Amino acid sequence: MAGLTHVALRSLVAGFGGCGLYTSEMLSCRAVVHETPERSIYLRRTAAELPFFYQLVGNEPDAMAKAVRHLERASPPDGFDINMGCGEPRIRNSGAGCGLMRDAENARRVTAACRAATALPLTAKLRLGWEESADDMIAFAKMLQNEGIDAVTLHPRLAKERFTRRARWRYIAMLKRELSVPVIGNGDILSAPEVAARFDETGCDGIMIGRLAAARPWIFAEIAGLIDPATISPDAVYADFVRILEKHFPPERRLGRLKEFTSYFARNFRFGHNLETRVQNAATMDEARHVAGEFFGMHRDAAP
Ligand SMILES: Cc1cc2nc3c(=O)[nH]c(=O)nc-3n(C[C@H](O)[C@H](O)[C@H](O)COP(=O)(O)O)c2cc1C
């Protein structure tokens with residue numbers, strides 16, 4: 001997730017364990033070829049985040065293939081994911097992200113170019129598409145499968161839908177029945193117990209968790225039965241996040257990342273909007289740390 005699944009959040013998650021696959025923020029294929037692991041915060045990662053995939057966003061077959069080759073050389077991952085689900089107007093209207101689902105022929109070219117560029121696992125992340133049509137969505141995913149995609153993740157919302165309408169998991173079950181490659185379901189997982197129900201209902205092969213990973217970086221460990229969530233102290237987790245952020249990010253990049261993380265992490269508290277607002281208003285990391293410390297002092301008992 002852009003702005004969220006950088007090295008600091010991923011390594012915090014990895015510290016708890018239980019996550020089966022880590023993915024980078026979406027990386028623009030045109031920009032990433034100028035990044036090197038020594039200098040780029042986008043390529044930075046720790047040995048604990050394994051297996052690790054880069055997610056690429058773009059709509060030009062050659063540029064996408066070039067980005068795959070560059071990353072495989074400069075900072076070899078365990079696989080690549082093609083973003084065909086981003087619904088941000090700027091991205092989708094440029095023909096990238098979910099824009100690829102409106103131009104299946106170009107999506108096919110992008111997939112074929114990436115497939116030819118690497119022997120590593122190659123996956124794609126989709127939405128339902130632009131119109132609600134199970135047939136079109138399934139035909140699109142089958143086309144990707146024919147082009148050599150190794151797994152498909154489905155976030156079952158339309159291109160322009162925001163989070164207000166619920167993700168339709170019935171489409172994940174449908175897609176699972178139709179594809180021979182693994183299908184990963186995504187969307188609106190809000191707690192650990194839901195995960196088993198989603199696997200049962202859909203028969204899907206994996207579940208991708210987005211926003212909840214930022215709200216509760218221990219969620220994967222909780223699902224895997226590695227920890228008892230009652231033993232988690234959110235203020236200690238927040239302090240750990242700040243520490244890891246400071247370790248990896250240059251000073252000018254820290255506060256923005258902390259604000260982004262805090263807007264999800266604050267959901268652990270009944271009065272979380274106070275935490276979010278105070279951190280959003282902070283002008284420095286020290287101020288953010290101070291106001292967060294004050295909040296945790298007052299709301300120690302409010303964590304669910
Ligand atoms: C801040 C933010 C950034 C996101 N960035 C990406 C991204 O870079 N690539 C991607 O495939 N999806 C991205 N997503 C979508 C999520 O991966 C996921 O599909 C969506 O949030 C639904 O899953 P969830 O309910 O578990 O969060 C982003 C979502 C959010 C809220």
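The model is a predicted one.

How does the shell split by class?

## Sheet

E1 also belongs to an open sheet of 7 strands. The order is E1-E2-E3-E4-E5-E6-E7, and the pairing is parallel. E1 and strand E7 (206–208) are the edge strands, each pairing on one side only. On average, neighbouring strands are turned by 25° against each other, direction ignored.

E1 runs parallel to strand E2 (residues 52–57), and 5 bridges join the two. Tyr 22 has Phe 52 of E2 as its bridge partner. Helix H6 (residues 134–146) packs on the sheet. H6 touches strand E4 (122–129) and strand E5 (151–158). The direction of H6 makes about 170° with that of E4.

## Whole chain

The protein chain holds 14 helices and 7 strands. Its radius of gyration is 19 Å, close to the 19 Å that the globule rule gives for 304 residues, so the chain is as compact as a globular protein of that length. The C-alpha atoms fill a box of roughly 55 × 45 × 35 Å along the principal axes.

Of the 304 residues, 40% count as buried. Among contacts with a separation of 6 or more, 68% come from residues 24 or more positions apart.

Definitions and conventions
Residues are numbered from 1 along each chain as its sequence is written. This is a predicted model: local features need pLDDT of at least 70, side-chain atom pairs count only at pLDDT 80 or more; totals for chains, interfaces and linings use all residues. Two strands pair if DSSP finds at least two bridges between them. Helices (H or I, at least four residues) and strands (E, at least two) are DSSP runs, numbered from the N terminus. Axes are lines fitted to C-alpha atoms, for helices over the stretch in contact, and angles run from 0 to 180 degrees between N-to-C directions. Two residues are in contact if their C-beta atoms, placed from the backbone, lie within 7 Å. The radius of gyration is taken over C-alpha atoms; the globule rule is 2.2 Å times the number of residues to the power 0.38. A residue is buried if 20 or more other C-beta atoms lie within 10 Å of its own, exposed if 12 or fewer, and partly exposed in between; C-beta atoms are placed from the backbone.
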